[in-house]
Amino acid sequence: MAKKRISSRRSISAGQVRAQEARHLMNTYKRPPIVFTRGRGCLLYDAAGREYLDFLGGIAVNALGHAHPRLVRVIRREAARAIHLSNLFHNAYQGPLATKLAHWSGLDRVFFTNSGTEAIEGALKLARANAHAQRKNGAVTANLGKTRILALENSFHGRTFGALSITYPVKYREPFEPLVPGVEFVRFNDIADLESKFDNSVCAIVLETIQGEGGIFSVSESFWTRARALATQYDAALITDEIQCGLGRTGRYFAFQKFYSSPDIAVVAKPLAAGLPLGAIIANDKFASAFAPGAHGTTFGGGPLVCAAALEFLTIVEDQDLLLRVRERGAELRAGLEKLATRFNFIREVRGEGLMLGIDLTCDGAPIVQQALRRRLIINCTHDHILRLLPPFIIGKRDIAEFLKKFESALSAVSKKMPASAATRGPQLSIPILQQPGFAAASRQL
């Protein structure tokens with residue numbers, strides 16, 4: 001029997017797409033029955049041509065929206081030149097991109113990866129390599145067990161084994177155990193707990209400057225400062241995961257730049273190549289020197305096309321003063337949300353920085369996401385009751401006004417179906433962080 005020919009043409013119907021996915025894709029995502037076919041700016045369009053306002057931005061990836069003309073030009077140009085070149089040779093864009101990332105971060109050296117989780121893996125290897133190098137150079141006997149890694153409760157760092165090992169929620173880790181040993185979790189923003197677990201056996205502490213998947217919680221300045229001091233004291237790496245909150249999302253180049261001290265290693269990805277897969281490890285000279293030729297590598301990371309796109313993304317942010325725009329639009333959006341919170345008492349708190357905002361609810365957030373989608377508004381819910389907004393940096397006042405109108409309508413629809421007591425009763429929370437000593441301090445920081 002002749003094999004059925006699978007068409008690669010775009011004329012395939014949405015129903016056929018869903019049927020093929022149902023038959024041949026692994027069952028890892030729960031998706032609504034919408035097939036998106038294109039985007040422009042802050043808008044997405046489905047197979048039927050319907051228009052949606054995108055306030056999720058590909059989960060913080062599409063920082064310049066969709067089909068940005070300058071990015072399209074660069075991608076077309078480089079696709080006609082060289083999509084991939086082996087890392088055994090130089091290409092024209094790794095050096096300029098590494099230079100700009102070093103300038104933005106205040107750090108020194110860069111390694112390019114394909115994704116955020118790979119960048120986390122590389123950063124953990126770099127920290128361990130630094131500790132091992134100390135032993136080879138005649139370090140004291142007390143350093144022989146310098147392999148422990150500290151991470152924070154409520155963290156999310158990725159899906160590969162190393163990244164998963166420092167990801168806190170049990171639901172992500174338990175199905176794949178045993179994971180990488182030597183990891184211990186510190187209570188969020190709890191300095192006493194940090195001090196009790198930090199000693200000379202620690203080679204790294206890893207934290208998200210703002211926890212994204214964890215519900216938009218910021219590390220406090222006092223916690224950051226103490227972590228920095230302890231990392232220096234014990235010659236361990238302070239690694240900041242800025243995969244979601246970095247590269248302009250908060251209105252700064254990096255979210256950690258609100259603090260007076262810097263990390264040893266910063267990890268970025270999501271918006272770096274504006275939709276193409278690219279991540280980076282950025283380190284100071286001390287820790288970067290722990291890698292020598294052959295110690296680490298990648299096949300696809302840092303190819304010419306993705307690096308050219310990333311360089312253009314960073315240049316556009318600078319040329320169009322988008323950091324200022326992020327701060328201004330973020331303040332307007334937050335003010336609008338806080339006004340809605342006075343009308344809907346199941347909104348417990350609005351928090352975040354710039355265009356990374358969380359809306360904490362006393363009820364399940366999934367129905368609100370569904371109602372928003374019916375109004376052709378794309379948002380996201382994490383931890384069951386925290387709505388997450390990650391719109392593109394290019395949003396304007398009209399986009400915010402349209403968002404608030406659609407969002408208010410979605411809230412109204414849900415509130416009408418809600419029992420009278422539901423909007424006022426306390427939340428049924430499952431997030432340990434909310435019951436921990438550091439939570440009140442964290443909330444004040446936000």
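Is Asp285 buried, partly exposed or exposed?

Guide: The model is a predicted one. In it, Asp285 is partly exposed, because its relative accessible area is 40%, and buried would require under 20% while exposed would require over 50%. Asp285 forms a salt bridge with Arg109, and the closest N and O atoms are 3.1 Å apart. Asp285 belongs to helix 10 (residues 285-288) and Arg109 to strand 4, so this pair ties together parts that are 176 residues apart in sequence. Arg109 itself counts as exposed, with a relative accessible area of 53%.

Strand 4 (109-113) leads on to a pocket. The second largest pocket holds about 710 Å³ of space. It is lined by 26 residues, and the closest to its centre are Gln94, Val110, Phe111, Phe112 and His296. Two or more lining residues come from each of helix 4 (94-105), strand 4 (109-113) and strand 12 (279-283). Strand 4 gives the most, with four residues. By class, the lining has 14 nonpolar, 11 polar and one charged residues.

Back to the charged pairs. Side chains of opposite charge can pair when their charged atoms come close. A search of the whole structure finds 29 salt bridges. One of them joins the side chains of Arg226 and Glu195, at 2.7 Å from N to O. Arg226 sits in helix 9 (residues 221-233) and Glu195 in helix 8 (residues 191-197), so the pair links distant parts of the chain, 31 residues apart. Arg226 is partly exposed at a relative accessible area of 28%, and Glu195 is partly exposed at 36%.

Another salt bridge is formed by Arg343 and Glu408, with the closest N and O atoms 2.0 Å apart. Arg343 lies in the loop between helix 12 (322-341) and strand 13 (347-353), and Glu408 lies in helix 14, so parts that are 65 residues apart in sequence are tied together. Glu408 counts as partly exposed, at 28% relative accessibility. Helix 14 (residues 397-417) also contains Ala410, which is buried, with a relative accessible area of 0%.

Terms used. Residues are numbered from 1 along each chain as its sequence is written. This is a predicted model: local features need pLDDT of at least 70, side-chain atom pairs count only at pLDDT 80 or more; totals for chains, interfaces and linings use all residues. Side-chain values use heavy atoms; hydrogens and water are left out. On a 1 Å grid over the protein atoms alone, a cavity is a set of points where a 1.4 Å probe fits but cannot get out, and a pocket is an open set with protein on both sides within 12 Å along at least five of seven lines; lining residues have an atom within 4 Å of a point. Grid points are joined across faces, edges and corners, and a volume is the space filled by probe spheres set on the points. Ala, Val, Leu, Ile, Met, Phe, Trp, Tyr, Cys and Pro count as nonpolar, Asp, Glu, Lys and Arg as charged, and the others, Gly among them, as polar. Buried means under 20% relative accessible area, exposed over 50%, partly exposed in between (1.4 Å probe, protein chains only). A salt bridge is a side-chain nitrogen of Lys or Arg within 4 Å of a carboxyl oxygen of Asp or Glu.
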